[in-house]
Amino acid sequence: MSAAPGPDPLVLLPGMLGDATVWDGVVAALGPETDVLRPRVDLDDSIGGLAARVLDGAPARFALAGHSLGGIVAMEIVRRAPARITRLALLNTSAGAGSPAQRAGWARLAERVGRGEFAAVAAESARATLPAVRRADPDLVSRNERMAGTVGPDGLLRQLRAQESRIDLHPSLAAIDVPVLVLSGELDEVSPPALQRALAEPIRTARHEVVPDCGHMSPLERPAEVAARLRRWLAR
């Protein structure tokens with residue numbers, strides 16, 4: 001593992017049905033000088049459990065970036081252990097507990113997976129998390145499906161239960177006092193930029209930035225642009 005650009009390593013968390021490879025293009029663009037760790041977020045069935053697992057395996061102090069579900073876990077990590085986090089990046093995520101419509105959707109997905117429909121759910125998600133202009137992109141779709149295969153049906157069921165365990169994290173945001181990057185995709189239909197604006201507003205140290213022509217899967221869709229913005233955040 002090579003030396004970081006600053007004193008602390010960078011921990012990168014994927015989203016639901018994502019694995020470490022979601023960050024491959026970003027890590028390559030950041031360069032070998034960045035000391036990166038990429039924990040899983042599919043091995044526990046609560047946000048608290050996922051946060052605790054990351055903290056157990058992480059260095060004493062570290063920079064933290066999370067995509068989608070990984071961003072929710074990242075906010076819980078900061079809430080639990082603020083002294084260990086040197087900076088925070090939140091990509092395509094939200095701080096809410098989940099709307100009634102979202103919770104109903106998670107319940108339907110769990111029922112389908114329980115009926116043996118994981119492959120169909122993974123294939124649908126591989127397209128639904130991309131913007132309409134990229135849902136026919138064979139590389140992006142296949143990479144999304146491969147990541148889902150790594151998580152598997154049991155991992156997805158754990159992630160869905162973790163989604164159900166979400167609390168409203170907005171009240172804890174104002175206490176964050178490290179450099180924060182809130183990054184949106186202009187075309188994100190899963191977590192629209194308005195959600196990220198609301199997330200950034202209570203955080204005194206936050207910058208909200210929007211990646212043009214990009215949907216929910218920003219680390220896959222625009223890795224070089226995401227890396228450039230993370231590099232500036234790491235240098236703040």
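Modeller: A residue counts as buried when its relative accessible area is under 20%, as exposed when over 50%, and as partly exposed in between. The model discussed here is a predicted one.

Colleague: Why does D42 count as buried?

Modeller: The relative accessibility of D42 is 2%. The cut-off is 20%, and 2% is under it, so D42 is buried.

Colleague: D42 has a partner in R40. Why does R40 count as partly exposed?

Modeller: R40 has a relative accessibility of 42%. That value lies between 20% and 50%, so R40 is partly exposed.

Colleague: What makes the contact of R40 with D42 a salt bridge?

Modeller: The closest N and O atoms of R40 and D42 are 2.7 Å apart. The rule asks for a side-chain nitrogen of Lys or Arg within 4 Å of a carboxyl oxygen of Asp or Glu. The 2.7 Å separation is within 4 Å, so the pair is a salt bridge. In general, side chains of opposite charge can pair when their charged atoms come close.

Colleague: How many salt bridges does this rule give?

Modeller: The count is 17. One of them joins D44 and R53, with the closest N and O atoms 2.5 Å apart.

Colleague: What is the distance between the closest N and O atoms in the salt bridge of E221 with R134?

Modeller: Those atoms are 2.8 Å apart. The pair links distant parts of the chain: E221 belongs to helix α9 (residues 218-221), R134 to the loop between α5 (118-128) and α6 (138-164), and 87 residues separate them. E221 and R134 are both buried.

Colleague: Which residues are linked in a network of salt bridges?

Modeller: R112, R115, E117 and E124 form such a network.

Colleague: Why do β1 and β3 count as paired?

Modeller: There are 4 bridges joining β1 (residues 10-13) to β3, and the two strands run parallel. Pairing requires at least two bridges, and 4 meets that requirement, so β1 and β3 pair. Within β1 and β3, L13 stands opposite G66.

Colleague: Why is E209 counted as buried?

Modeller: E209 is in strand β6 and has 18% relative accessibility. Since 18% is under 20%, E209 is buried. Leaving aside residues up to four places away in sequence, E209 touches L181, V182, L183, S184, R229 and R232.

Colleague: Why is α4 called roughly antiparallel to α6?

Modeller: The axes of α4 (residues 100-114) and α6 cross at roughly 155° and come within 10 Å. Angles over 145 degrees count as roughly antiparallel, so α4 is roughly antiparallel to α6. The crossing of α4 past α6 is left-handed.

Colleague: Which residues of α4 and α6 meet?

Modeller: From α4 come R103, W106, A107, L109, A110 and V113; they meet P153, L156, L157, L160, Q163 and E164 in α6.

Colleague: Where does S68 lie, and why is S68 called buried?

Modeller: S68 is in the loop between β3 and α3 (69-80), and has a positive phi of about 55° without being a glycine. Its relative accessible area is 15%; this is under 20%, so S68 is buried.

Colleague: Why is A58 called buried?

Modeller: A58, in the loop between α2 (47-57) and β3 (62-67), has a relative accessible area of 15%. This value is under 20%, so A58 is buried. The C-alpha atoms of A58 and R84 are 9.4 Å apart, although the two residues are 26 apart in sequence.

Conventions:
Residues numbered from 1 in each chain as written. Predicted model: local features only at pLDDT ≥ 70, side-chain atom pairs only at ≥ 80, totals over all residues. Heavy atoms only, no water. Buried < 20%, exposed > 50% of the residue type's maximum accessible area, 1.4 Å probe, protein only. Contact = heavy atoms within 4.5 Å. Axes fitted to C-alpha atoms, helices over the stretch in contact; angles between N-to-C directions. Parallel < 35°, antiparallel > 145°, perpendicular 65-115°, else oblique. Left-handed = near helix turned anticlockwise from the far one by under 90°.
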